[in-house]
Amino acid sequence: MPETSPVYLPPDPLTPERDITHQHFRPGEHVVILKGAAGGELWGDAMRVVAPSWHTPTDEDGWRLLDPNGGDRSYVTAHPRYLVHLSKRCPECLMHQKALREYLVKRLGDGEDVVDCSWYSLTALNQLVHVADTRPGR
């Protein structure tokens, strides 16, 4: 993972409103969770979709993901709206990626520093949650 500079930006308004279903992704696909920008481009955590998994923070179908870099959190669960295809050119994912790039670059500029927008955190159950999906007590 690149060394990052955390920065506070208001919560990403695009991802929480994204209308994407669980069926959009399949086991074995490679995805990215977009977390920030560097050099005018988006960056994030690349993972592989493994199996369906309940996403407790949203009480909706999610996906169990494998982080190829391993570590203490090799497997995490995420909601499908957090994911963008890497393994195929998916029109919906490309449109979401473009909109998120325009949103971020406008605010962060095209500096070379890798900026983590701190929109995601992990729960005690290794479930990734976007700040807009955080509920009290979770």
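What radius of gyration would a compact globule with 138 residues have, and what is the value for the protein? A compact globule of that length would have a radius of gyration near 14 Å, and the protein, at 14 Å, agrees with it; the radius is taken over C-alpha atoms, and the globule rule is 2.2 Å times the number of residues to the power 0.38. The model is predicted, so that local features need pLDDT of at least 70 and side-chain atom pairs pLDDT 80 or more, whereas totals for chains, interfaces and linings use all residues. Residues are numbered from 1 along each chain as its sequence is written, and side-chain values use heavy atoms, without hydrogens and water.

The C-alpha trace spans about 35 × 35 × 30 Å along its principal axes. The protein contains 1 helix and 9 strands, in the sequence order β-β-β-β-β-β-α-β-β-β; helices (H or I, at least four residues) and strands (E, at least two) are DSSP runs. Of the contacts (heavy atoms within 4.5 Å) between residues at least 6 apart in sequence, 62% join residues at least 24 apart. Buried residues (under 20% relative accessible area, 1.4 Å probe, protein chains only) make up 43% of the 138.

The structure holds 1 cavity of 30 Å³ or more, a cavity being a set of points on a 1 Å grid where a 1.4 Å probe fits but cannot get out.

Methods
1 Å grid on protein atoms, 1.4 Å probe; cavity = no way out; pocket = protein on both sides within 12 Å on 5 of 7 lines; lining within 4 Å. Points joined across faces, edges and corners; volume = space filled by probe spheres on them. Buried < 20%, exposed > 50% of the residue type's maximum accessible area, 1.4 Å probe, protein only.
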